[in-house]
Protein chains: 2
Amino acid sequence: MKKKVTIGIDIGGTNSAFGFVDVLGKCIYESSIPTRAEQNADQLFERLFIEINKSFKKFDKEYELVGIGIGAPNGNYYKGTVEYPPNLNWGNVNVIDLVKKYSPLPCAITNDANAAAIGEMIFGAAKGMKNFIVITLGTGLGSGIVVNGEIVYGADGFAGEIGHTIVDPNGRECGCGRKGCLETYSSATGICRTVKELIETADTPSELRKIPFNNITAKDIADAANRGDKLALDAFDFTAKILGLKLADSIAYLSPEAIILFGGLAAAGDLIFVPTKRYMEEYMLNIFKNKVKLIPSGLPDGNSAVLGSSALIWNELKSENLFPAN
Amino acid sequence: MKKKVTIGIDIGGTNSAFGFVDVLGKCIYESSIPTRAEQNADQLFERLFIEINKSFKKFDKEYELVGIGIGAPNGNYYKGTVEYPPNLNWGNVNVIDLVKKYSPLPCAITNDANAAAIGEMIFGAAKGMKNFIVITLGTGLGSGIVVNGEIVYGADGFAGEIGHTIVDPNGRECGCGRKGCLETYSSATGICRTVKELIETADTPSELRKIPFNNITAKDIADAANRGDKLALDAFDFTAKILGLKLADSIAYLSPEAIILFGGLAAAGDLIFVPTKRYMEEYMLNIFKNKVKLIPSGLPDGNSAVLGSSALIWNELKSENLFPAN
């Protein structure tokens, strides 16, 4: 009997990755193609499935494809749609219907943060947990919430927007059109904005002053902080303070077993984990103190997005008892 | 065959109510006894069951008791405990074990806000809903969160503390020892604090200035507002603004179908509902706008707490298929 693998697809603004993942989370192959944001969704999936079919040829004697999981910006699990993704020229597309043109396999879609949460639950740091939150710290701040072992989709499939809870209604302008959203402070972009503010308003010396404003990246800030740069360390402290405050709120809502930090800014390690944990405990309601773990992703770096998407469809297949874990 | 009823018990700081409720939410009898906060839990339950047994005598030809549901401050569903309730001299008590001394019936406990949420789901305004939030606006602000048709208890049974999410980390002192919790602004106590601040800091004329500071109640403020008192209306607006802001956050977390406002301050009706709804929509992320209902409790006023506690145990009995709805 052939071994079963699912196709995990992660749609990004620049590149879209795919891979073949078995029921234990082993990724036997991964690759990616340029997304070409100016194209429509059909053009991307046509190109993707050409690549997928070509790539799978060298595995099809040993393996069998059993499902497709997709993580995409604004992916809606209930409706199977992607609605007006911010960085793609897609409009409102039913991706599940679209994929049927290219494959008869069962298919599910969700947004990237929810896919990350399912990935952690099935293959990663949240194995065996029933209540946890994944926070993705990238360009924005995404979140996937798991309660009683299930992703929280809410009434319309759009729950889990912790990045758009408000820190300060008169605060920084957010891409969503409002002001003061958490993601304007605590994300890779947010920490860059903080550094720019500190450069303008404080006279702390800093190696970051030598980099042109708009070229500073979260990686530059982490590198400077690791060399002891005071301004960079201040920026991490401020980012962590706001994140810790809002995670204390998350804990009041959901009393999770753990919060998992994921994505670009989480890669800064102790620089972000240590102060965030400290502020989270400081701002936390007494009954929760020292109960909630703040931990990094348990998914291998290179494959995490594809593993998350794959976990989404494995979770569906298992819950329908089509493919009990073997 | 006798008709089945459950015992709903609501433990309050001053009085503890009990009643007999059938599977359709009809309360055939309700009464209460003084809680006597200085007594321990055993003394209260001994007195309660004397009253319950006496009261049930006139029903026992027609009805059969099948379970006991208890709503109590700090009630923990998982552990069956009440842990250090703020206004009762109980310490840490396992209430489920304690009740066994007085009755062999199946028994479940939770806190009052969760009981209210289950009450709304089974008998009230949330019938048929799978994702909603109940906010109780009383002395404090309690909340019961329902996701996928289940109360969110979290990892330790203490989830749903929206009243202790932070509005302003340098804000009003809260009974929990921290500063700026939502309940210090948006609750019956919170609106009284707001009126006191407005009396001290603004020169708006107001009939409330005639009442001694510490005697002003939320009812006085609502009455004054209904007579057009500017300062009272300003206090409702401020209370609603902060509540609306934080409910917009709740929606970002959970995307509920509805938010139900319950309890003393919710009785102010349009005074609180209209501005809260306006601010909630104003602060809400675009994708959720005009989707989330803000509605009053659907439980009859006098019996709501007992109905909530009763619904808790009906929900258990049904989920165990012991007593399918008849």
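Two strands count as paired if DSSP finds at least two bridges between them, and helices (H or I, at least four residues) and strands (E, at least two) are DSSP runs numbered from the N terminus. The model treated below is predicted, so that local features need pLDDT of at least 70 and side-chain atom pairs count only at pLDDT 80 or more, while totals for chains, interfaces and linings use all residues. Residues are numbered from 1 along each chain as its sequence is written, and chains are lettered from A and ligands numbered from 1 in the order in which they are written.

**Exercise 1. Describe the five-stranded open sheet of chain A, its order and its pairing.**

Step 1. The strands of this open sheet follow the order β3-β2-β1-β4-β8 in chain A, and their pairing is mixed. At the edges stand β3 and β8 (107-110) of chain A, each of which pairs on one side only. From one strand to the next the twist averages 20°, where axes are lines fitted to C-alpha atoms, for helices over the stretch in contact, and angles run from 0 to 180 degrees between N-to-C directions.

Step 2. Strand β1 (residues 3-11) of chain A is joined to β2(A) by seven bridges in the antiparallel sense, and within that pairing G8(A) has G19(A) in β2(A) as its bridge partner.

Step 3. Strand β2 (residues 15-22) and strand β3 (residues 27-34) of chain A also run antiparallel and are joined by seven bridges, with A17(A) opposite S32(A) in β3(A). The two strands make a hairpin with four residues between them, and G25(A) in the turn has a positive phi of about 90°.

**Exercise 2. Which helices pack on or lie across the strands of this sheet, and at what angles?**

Step 1. Helix α1 (residues 41-56) of chain A packs on the sheet and touches β1, β2, β3 and β4 (63-71) of chain A, its direction making about 145° with that of β3(A); contact here requires that the C-beta atoms of two residues, placed from the backbone, lie within 7 Å.

Step 2. Helix α8(A) lies across β1, β2, β3, β4 and β8 of chain A and runs at about 110° to β4(A).

Step 3. The axes of helix α3 (residues 112-123) and helix α8 (residues 304-319) of chain A come within 7 Å and cross at roughly 75°. The helices α3(A) and α8(A) are therefore roughly perpendicular to each other, given that angles under 35 degrees count as roughly parallel, over 145 as roughly antiparallel, 65 to 115 as roughly perpendicular and the rest as oblique. By class, their contact has ten nonpolar, five polar and one charged residues, where Ala, Val, Leu, Ile, Met, Phe, Trp, Tyr, Cys and Pro count as nonpolar, Asp, Glu, Lys and Arg as charged, and the others, Gly among them, as polar.

**Exercise 3. Decide whether T110(A) is buried or exposed, and do likewise for I295(A).**

Step 1. The criterion calls a residue buried if 20 or more other C-beta atoms, placed from the backbone, lie within 10 Å of its own, exposed if 12 or fewer, and partly exposed in between.

Step 2. T110(A), which belongs to strand β8 of chain A, has 27 other C-beta atoms within 10 Å and is therefore buried. Leaving aside neighbours within four places in sequence, T110(A) is in contact with G71(A), G75(A), Y77(A), A115(A) and L312(A).

Step 3. I295(A), located in strand β13 (residues 293-296) of chain A, has 18 C-beta neighbours inside 10 Å and so counts as partly exposed. Not counting residues up to four places away in sequence, I295(A) touches A125(A), A258(A) and I260(A).

**Exercise 4. Characterise the contact between chain A and chain B and the relation of the two copies.**

Step 1. The contact takes 34 residues from chain A and 34 residues from chain B. On the side of chain A that touches chain B, β10 (141-147) and α6 (230-254) each supply at least two residues, and α6(A) gives the most, with six residues. The residues of that side divide into 20 nonpolar, eight polar and six charged.

Terms used
Copies are superposed by least squares on the C-alpha atoms of residues with pLDDT of at least 70 in both.
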